[in-house]
Amino acid sequence: MLYATLKLLHVLSIVVWVGGMVFAHFFLRPAAMQLPPPQRLPLMHGVLRRFFAAVVVAVLVVFITGGAMIGRAARESVQAGLSFNMPLDWSIMAVLGVAMMAVFGHIRFSLFRRLGRAVDAQDWAAGAAELARIRTWVGVNLATGVVIIVVTLLMA
Ligand code: HEM
């Protein structure tokens with residue numbers, strides 16, 4: 001029951017994180033591109049501020065629940081007198097998942113801050129450049145997230 005609850009929280013957080021990236025990348029941005037920069041950049045900044053606040057929580061939950069599930073599985077193996085060999089799909093998920101978290105940290109705490117400064121200064125050219133960088137890295141994280149989901153569900 002505890003393991004199932006951890007997995008539920010883990011997957012719900014992934015739904016928020018990966019689903020939000022799909023929405024931003026494929027639906028919000030193309031529509032927002034119709035707006036002139038003085039409207040588009042404050043809009044995107046406001047949307048991303050709210051989304052990234054949710055992603056910070058999702059990242060923490062994914063990390064804690066993922067680690068707790070590995071810890072439980074390892075403890076059960078050891079208690080049964082077996083050595084714990086982490087399944088390959090779990091290892092791939094953990095490594096790529098941590099890489100996604102590092103990329104998110106770069107987006108949130110470097111690029112997004114620069115976007116905020118550009119919006120405050122009404123420097124639309126600089127803001128558009130930061131938004132383009134954010135889009136590239138969100139694309140990287142989205143692709144990595146999809147790879148993790150495919151690997152996890154196909155190798156299970
Ligand atoms: C620190 C990073 C992560 C760790 C340590 C971790 C660890 C785990 C573990 C131990 C499970 C349980 C697997 C099972 O019971 O078969 C799991 C499930 C899952 N994880 Fe992760 N995970 C991480 C990040 C991610 C990320 C970034 C994604 C997707 C983008 C993801 C997607 C999933 C999915 C979809 C499941 C459910 C798989 C199933 O029920 O077959 N995980 N994770």
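The legends below describe several close-up views of a predicted model.

Residues are numbered from 1 along each chain, in the order in which its sequence is written. Because this is a predicted model, local features need pLDDT of at least 70 and side-chain atom pairs count only at pLDDT 80 or more, while totals for chains, interfaces and linings use all residues.

**View 1. The protein chain and its four helices.** The protein chain has four helices and zero strands, where helices (H or I, at least four residues) and strands (E, at least two) are DSSP runs numbered from the N terminus. Read from the N terminus, the order of elements is α-α-α-α. Taken along the principal axes, the box filled by the C-alpha atoms is roughly 65 × 25 × 25 Å. Of the 156 residues, 18% count as buried. A residue is buried if 20 or more other C-beta atoms lie within 10 Å of its own, exposed if 12 or fewer, and partly exposed in between, with C-beta atoms placed from the backbone. Among contacts with a separation of 6 or more, 77% join residues 24 or more positions apart; two residues are in contact if their C-beta atoms, placed from the backbone, lie within 7 Å.

**View 2. The largest nonpolar core.** This core has 18 residues, and those with the most contacts inside it are Ile 107, Leu 115, Leu 131 and Ile 134. Helix 1 (2-32), helix 2 (37-79), helix 3 (88-120) and helix 4 (124-155) each supply at least two of the core residues. Helix 3 gives the most, with seven residues. A nonpolar core is a set of buried Ala, Val, Leu, Ile, Met, Phe, Trp, Tyr and Cys residues joined through C-beta atoms within 7 Å. Leaving out residues up to four places away in sequence, Leu 131 touches Leu 41, Met 44 and Leu 115. In soluble globular proteins, nonpolar side chains tend to be buried together.

**View 3. The shell around the ligand.** The ligand is surrounded by 23 residues, of which the closest are Gly 66, Met 69, Ala 94, Gly 97 and Gly 145. A residue is near a molecule or strand if its C-beta atom, placed from the backbone, lies within 6 Å of it. Each of helix 1, helix 2, helix 3 and helix 4 supplies at least two residues of this shell.

**View 4. Met 93 in helix 3.** Met 93 counts as buried because 22 other C-beta atoms lie within 10 Å. Apart from neighbours within four places in sequence, Met 93 is in contact with Ile 148 and Thr 152. Met 93 and Gly 66 are 27 residues apart in sequence, and 9.3 Å separates their C-alpha atoms.

**View 5. The buried residues of helix 4.** These are Gly 127, Glu 130, Leu 131, Ile 134, Val 138, Asn 141 and Ile 148. Helix 1, helix 2 and helix 3 are included in what covers them.

**View 6. Arg 113 in helix 3.** Arg 113 is exposed because it has 12 other C-beta atoms within 10 Å. The C-alpha atoms of Arg 113 and Glu 130 are separated by 9.3 Å, although the two residues are 17 residues apart along the chain.

**View 7. Gln 122 in the loop between helix 3 and helix 4.** Gln 122 has a phi near 55 degrees, a positive value in a residue other than glycine. Most residues other than glycine have a negative phi. Gln 122 counts as exposed because it has 12 C-beta neighbours inside 10 Å.
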